[in-house]
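Hi everyone, thanks for coming.

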Protein chains: 2
Amino acid sequence: MRRANHPATEDVALPEVMGALSDPVRIGLVRVLADGSERGWGALRAPVAKSTLSHHLRVLRDAGVTRTRQEGTRCFVRLRREDLDTRFPGLIEAVLAAADADGVGNGVGLMPGAT
Amino acid sequence: MRRANHPATEDVALPEVMGALSDPVRIGLVRVLADGSERGWGALRAPVAKSTLSHHLRVLRDAGVTRTRQEGTRCFVRLRREDLDTRFPGLIEAVLAAADADGVGNGVGLMPGAT
DNA sequence: TTCGTTGTTCGTCGAATATCGAACAAGCTA
DNA sequence: TAGCTTGTTCGATATTCGACGAACAACGAA
């Protein structure tokens, strides 16, 4: 388990963020996190293998879209909503609204029973 | 010269648009077209080879971000601003604002003399 | 018809991406 | 300590992407 590489707020770059949000699975993950709550990875459900999910979460993290916190052997992820709003006002809001309207990433969700 | 493949407004998909806008050159092209004017390809200046520019313009076209009109042997390109605003309200505006602030795609511009 | 202009397509290259299963490492827990 | 859980990393593929030069096609002009 390697330490996560979180870019500083000012280092979050637009093309990387756009690229991170160009995949339906990753868009779905962002939608799940859109309410601001922190989620354990175990609570995330996506139609891909475990290693692939890990990869997608890493892309989001490296782009500065999410922040991962480690607690013992498990990880919690959260949307960097404030940082993103600071750097790119209105962007995440527009992407989330569009994704909701189109159902992009509907295959991604929470495990049954997660609040 | 093959006919351009423009997706209908309702077929413009979020992930494709995000992907199209994840490259600095393409973001720069969109910034150049942001004023709504139609530009001849010859008026566009970008730090890439002609064939690469053609490729980027095709990616934007296929994603539904721009519309290309052919007139004789030359082409004119324009941002599909209204269509994009209809499908994804606020998205282009946010991207343009962020790109302006960060100077993303500054290497792209108009040929000297273009209005 | 023969050029010249203009944009597309082709072939190619290296790099990046998406995906998987399997192996691994770090903490809990029994 | 031995096992279990959890997430990462490692290959291995297959695909796509960005880039280039060169060849090609369409059209207007000489």
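When I say contact, I mean two residues whose C-beta atoms, placed from the backbone, lie within 7 Å. This is a predicted model, so local features need pLDDT of at least 70 and side-chain atom pairs pLDDT 80 or more, while totals for chains, interfaces and linings use all residues. Residues are numbered from 1 along each chain as its sequence is written, and chains are lettered from A and ligands numbered from 1 in the order in which they are written.

So, how do the copies meet? 95% of the interface residues of chain B are also interface residues in chain A, so the copies meet through the same surface. A rotation of 180° with 0.0 Å of shift along its axis puts chain B on chain A, with RMSD 0.0 Å (least squares on the C-alpha atoms of residues with pLDDT of at least 70 in both). That is the relation of a two-fold axis.

The contact takes 22 residues from chain B and 21 residues from chain A. On the side of chain B that touches chain A, α5(B) gives the most, with eight residues; helices here are DSSP runs of H or I, at least four residues, and strands are runs of E, at least two, numbered from the N terminus.

Now for α3(B). B:Leu57, B:Leu60 and B:Ala63 are buried there, meaning 20 or more other C-beta atoms, placed from the backbone, lie within 10 Å of their own. These residues pack against α1, α2, β3 and β4 of chain B. After the helix comes B:Gly64, with a positive phi near 95°.

How values were computed. Buried ≥ 20, exposed ≤ 12 C-beta atoms within 10 Å, placed from the backbone.
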